[in-house]
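Here is a short tour of one protein chain. Have a look at the sequence and the fold, then read on.

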Amino acid sequence: MTQQQTEGGDVRLTGISKTYGSFTAVHPLDLTVPQGSFFALLGASGCGKTTTLRMIAGLEDATTGTVSLGGRDITGLPPYKRPVNTVFQSYALFPHLDVSENVAFGLRRRGIKSVRKQVGEMLDLVQLGDFAHRKPHQLSGGQQQRVAVARALINHPQVLLLDEPLGALDLKLRRQMQLELKRIQTEVGITFVHVTHDQEEAMTMADTVAVMNGGRVEQLGAPADLYENPRTTFVANFLGTSNLIEGEIVSTGTDVVVAAGGGRLRLPGGRCTSPAASGEKLLVGVRPEKISLAHAEDADAIPEGRNRVTGRITDSSFIGVSTQYVVESPAGKALQVYEQNIERDGRLVPGAEVVLHWNPEHTFGLDADQDITAGAGVLEEAA
């Protein structure tokens, strides 16, 4: 596949947009997908991610802008002339053909007679060498999905586009296939562009994630950076869960000090997304797993220098690896805390008075003009 890499290149979208009448599905967008990367377009239903993918594939005509691959403008090329292949959620396997003939289909259509060696290599890559003569209905969903990937890869595309490819699988199989697809991408070394609404899926598989919202890229970056340093309330709420506390800036400097919920909270100045000035409003953010929970009787044992919020537990859910608490406090009506079940404190039950405390370094600040609930509880209704 080394030869294929040298022929490839970055996927570059320049000013690309799509409108349907008065509705704008994708606002003018500039996006570069580096060659050889695993790139995810992540967002809820209607955010424009699938439309963007289809414009790369040539299945949708762009209203404005260009699509280029390795410096070559492919905007005007029909789908079959673009060096890309697409794997859909439905897999679209031919039911009357066995696995090997499904994989060989693209080669045979191009008039290539000797396909056995290439088909064998592809089936080995997706670990289905023993299933060559089975029909699609004799395979599990995960196996069918791997056949679809092999059928696409045997054509040696420069880019493989994956449109919600794991959406039809159950949770356990989906997690297995996430690792399997990442392994395949690493082995073949070609560019994968993956559309998904599943945050965990994007973070597990992708080198780079573009979070889309309302036809725009809300934030772009490595999964860990997006999670630790969200720049908008939508990203903070959509990518995992965030506690966002409304406050007012008291002082600025190396640290920013915010008055919130009757107390003071500190955060690094470099973790504020908007210029911080005394007297301005700020949304103070912290992830639930960064917070520790202490019973009010143990408040004196909390180390100095940590951010603190007092409150009362209103709900708790035991979910095996951790317990999830909901706490009502002057800083927020439903603050969430995830604590690993290592040494459980039997006093931490609904009704208990508690102190939430965390390292100020784990705190981020967002522009208070945004909708504090943006991205929270967003559900996927359609691909």
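## About the model

This is a predicted model, in which local features need pLDDT of at least 70, side-chain atom pairs count only at pLDDT 80 or more, and totals for chains, interfaces and linings use all residues. Residues are numbered from 1 along each chain as its sequence is written, and side-chain values use heavy atoms, with hydrogens and water left out.

## The whole chain

The protein chain has nine helices and 20 strands; helices (H or I, at least four residues) and strands (E, at least two) are DSSP runs, numbered from the N terminus. Its C-alpha atoms fill a box of roughly 80 × 45 × 40 Å along the principal axes.

Of the 383 residues, 48% are buried, that is, under 20% relative accessible area with a 1.4 Å probe, protein chains only. Taking contacts (heavy atoms within 4.5 Å) between residues at least 6 apart in sequence, 68% join residues at least 24 apart.

## A hairpin of two strands

Strands S17 (residues 322-329) and S18 (residues 332-340) pair in the antiparallel sense over seven bridges; pairing requires at least two bridges found by DSSP. Two residues lie between S17 and S18 in this hairpin, and Gln 324 stands opposite Tyr 338 of S18.

## A covered helix

How many residues of helix H2 (residues 49-57) are buried? Eight of the nine are, so H2 is mostly covered. Among them are Lys 49, Leu 53, Met 55 and Ile 56. Just after H2, Gly 58 takes a positive phi of about 85°.

Key. Buried means under 20% relative accessible area, exposed over 50%, partly exposed in between (1.4 Å probe, protein chains only).
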